[in-house]
Structure formats: C-alpha cells, structure tokens
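User: Please take a close look at the ligand site in this model and describe its surroundings, with the cut-offs behind each term.

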Amino acid sequence: MNAKVLVIGANGQLGSVLVKALQHRYGDENVIASDIQKVNSFNGVFELLDATNMNKIQDVVSSHGITQIYHLAAILSAKGEANPLGTWELNMNMLFNVLEVSRINGLDKVFFPSSIAVFGEDAPWVNTPNNAYLNPATVYGMSKAAGENWAQYYFLRYGLDVRSIRYPGIIGYQSLPGGGTTDYAVDIFHKAVLEEEFVCFLNADTTLPMIFMDDVIRATLELMEAPKKDIRIRTAYNLAGSSFSPEDIVKEIYKYYPEFKVKYEPDFRQDIAARWPKSINDVEAKVDWGWQPKYDLEMTARTMIEKLKAQYIPHE
Ligand code: AKB
C-alpha cells in the first residue's frame with residue numbers, strides 16, 4: 001500500500017523542510033501537512049490541526065487514509081521553562097493523542113523526535129552513549145525522556161512501529177528555530193550575513209552536539225525507511241553530526257566576514273546547555289540503519305552563508 005503521511009507541526013523549523021522532502025519522496029498528494037495555522041505560501045495538502053484534540057487527529061487520519069504520522073509538535077527546552085506544568089501537559093497530551101490514534105487505526109509507522117535534552121548531569125559529557133543514564137533538568141527533556149519510554153511501550157505492548165531519533169541542535173537556512181537552547185547557532189549566521197552584531201546567550205566555549213538540516217532530513221527518512229527488523233532501539237537513537245561552540249562558529253564566520261562582531265551575554269539558557277552532552281556516540285544508528293553524517297562545521301558554515309546570502313541579497 002502507498003504511504004499516506006501526516007506531518008503534525010509542519011510549520012516548524014524541521015517540519016517545514018521535512019514536508020518538502022516527504023512530498024518529493026511520496027508525491028504532493030500523499031503528504032498532509034498540518035499545524036495550528038496555515039502559512040500562506042505553503043504548497044500542498046494542508047489541514048488545520050491542534051494535536052491536543054484527539055478527535056481532530058482521528059478525523060484527519062480517517063478522511064485522508066493516513067498510514068504514517070510524523071509528530072513534530074512540541075514546546076522546546078528554553079520556552080518550556082517559562083511554564084513547566086503547561087509544557088509537560090501539552091507535550092505529553094499531544095504525544096498520547098498521536099500514539100492512541102495510531103494504535104486504534106493500526107497505522108504502519110509513527111515518527112516521534114526526541115532530543116539530546118533527555119541527557120542530564122549524570123550522563124557522560126563526552127561521547128555520550130545511547131544507553132546513558134537519563135536525568136534531564138528541563139521539562140522539555142523530561143517530556144522527551146518519558147515520550148521515548150511511551151514510544152517503546154506502544155511498540156512492545158501493541159506492536160505499533162514507533163521510531164525516534166535524539167536530535168542535536170539543528171542548523172538550517174530554510175527555516176527559523178523557536179524556543180530552543182541551540183537556536184543561537186542559526187541566528188548567528190543570519191546576523192553575520194546581515195552584517196549585524198550578534199549577542200550570544202551562551203558562553204563562547206559552550207560546546208554542544210549540532211547537525212546540519214540536510215543531514216537531519218536524510219537521517220529521519222533513512223530511519224523511517226529502514227527494515228523493521230533492523231530497528232533494535234525502540235526508545236530513541238542517538239544521532240551525531242559534529243560538536244562545536246559559539247567561538248568555533250565565529251572562527252568559521254571570520255573567514256567570510258572578518259569584521260563580524262559578537263558579544264556574549266549568557267542567560268538561563270547557559271544553565272540548560274551546561275547540563276547537555278558535548279558530543280554524542282551514535283554507533284547504534286550507524287550499525288542498525290547505516291547512518292553517516294556528511295556535514296562538518298566548515299561545510300555547515302559555508303552552506304549557511306552561501307544560502308542566506310542568496311536569500312537576503314538575491315542579486316549579488
Ligand atoms: C532545543 O534547543 O531545545 C532543541 C533541542 C536540542 O532539542 N533544539
């Protein structure tokens with residue numbers, strides 16, 4: 001049977017890019033993008049969908065004959081701290097609705113993104129293994145750690161084929177992130193290309209795991225298309241691109257903009273970042289479904305600057 005894919009959270013940093021990749025893969029008519037608002041420029045099939053409403057998810061699944069859901073909607077690490085109980089409620093409620101509708105309708109596959117935010121102070125900070133101890137310190141991280149276990153529960157108990165990746169910070173030129181601790185790593189490139197000063201909310205030497213958007217999209221599709229028997233981890237797979245700090249990015253930016261100005265004004269997001277790993281061991285993803293990243297920092301910076309320049313200054 002042909003895949004009919006529903007993307008929940010299609011307007012987000014990842015969703016907006018993933019929808020295009022899925023349209024390319026399965027055909028525009030087989031990808032239903034959904035979010036709580038419609039973006040005017042969107043091309044394709046769209047449904048207004050608030051994932052806290054299980055009946056509405058059910059309606060969309062029934063009316064389009066959905067076979068797979070990519071559930072990308074969540075409140076991220078930094079924004080979540082403004083309203084811890086509300087964030088827990090929202091993130092968990094949406095996930096439960098997606099899992100239940102998927103179970104009841106016997107969907108083929110579900111994708112649920114996890115994050116490096118599941119790790120806390122007691123995991124090894126360098127080369128953090130997949131099975132490290134999880135004691136997240138943000139409500140977002142707690143919702144992802146719990147969500148991973150619910151994903152595994154639905155697989156073990158009901159046979160629902162839920163797959164998940166722990167995303168590092170995602171850097172892409174196509175869309176803007178919102179509410180995350182790693183958002184600085186996108187904003188800094190926009191400021192560089194606009195030749196404006198950048199105020200960084202992390203310390204210069206705060207190294208975090210990061211990944212380029214094209215690698216993330218490829219990883220997500222590779223995981224979802226891997227044979228079921230190869231998916232040995234039913235919580236979530238660690239995924240690594242490369243690891244770097246604000247000052248490492250600034251060094252790359254200087255190659256293109258030697259006058260670039262940055263000042264460091266760490267805020268509460270520094271405390272969040274300080275409890276996350278510096279680098280990730282993703283050997284299981286490599287062994288189980290053949291994951292290999294392509295973009296290092298140098299390629300990421302070059303591509304970001306080229307693409308953003310073309311967006312901001314199209315005739316140069
Ligand atoms: C965030 O910073 O909250 C996210 C993430 C690492 O999951 N980008």
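Analyst: **Ligand site and domains**

The protein is divided into domain 1 (5-169 + 211-238) and domain 2 (172-210 + 241-277 + 294-312), with bounds from an automatic or database domain assignment. This is a predicted model, in which local features need pLDDT of at least 70, side-chain atom pairs count only at pLDDT 80 or more, and totals for chains, interfaces and linings use all residues. Residues are numbered from 1 along each chain as its sequence is written, and side-chain values use heavy atoms, with hydrogens and water left out.

The C-alpha centres of domain 1 and domain 2 lie 25 Å apart. Their contact (heavy atoms within 4.5 Å) takes 26 residues from domain 1 and 27 residues from domain 2.

Around the ligand are L76, S77, S115, I116, Y140, G180, T181, T182 and W276, each with a heavy atom within 4 Å of it. Domain 1 and domain 2 each supply at least three residues to this shell. By class, the shell holds 4 nonpolar, 5 polar and no charged residues; Gly counts as polar, Trp and Tyr as nonpolar.

- the side chain of S77 has an N or O atom 2.5 Å from an oxygen atom of the ligand;
- the side chain of Y140 has an N or O atom 2.7 Å from a ligand oxygen atom;
- for T181, a backbone N or O atom is 2.7 Å from a ligand oxygen atom.

Taken alone, the ligand exposes 260 Å², and the protein buries 93% of that (Shrake-Rupley method, 1.4 Å probe).

Terms used
A polar contact is a pair of N or O atoms within 3.5 Å; within protein, one must be able to donate a hydrogen and the other to accept it, and residues adjacent in sequence count only if both atoms are side-chain atoms.
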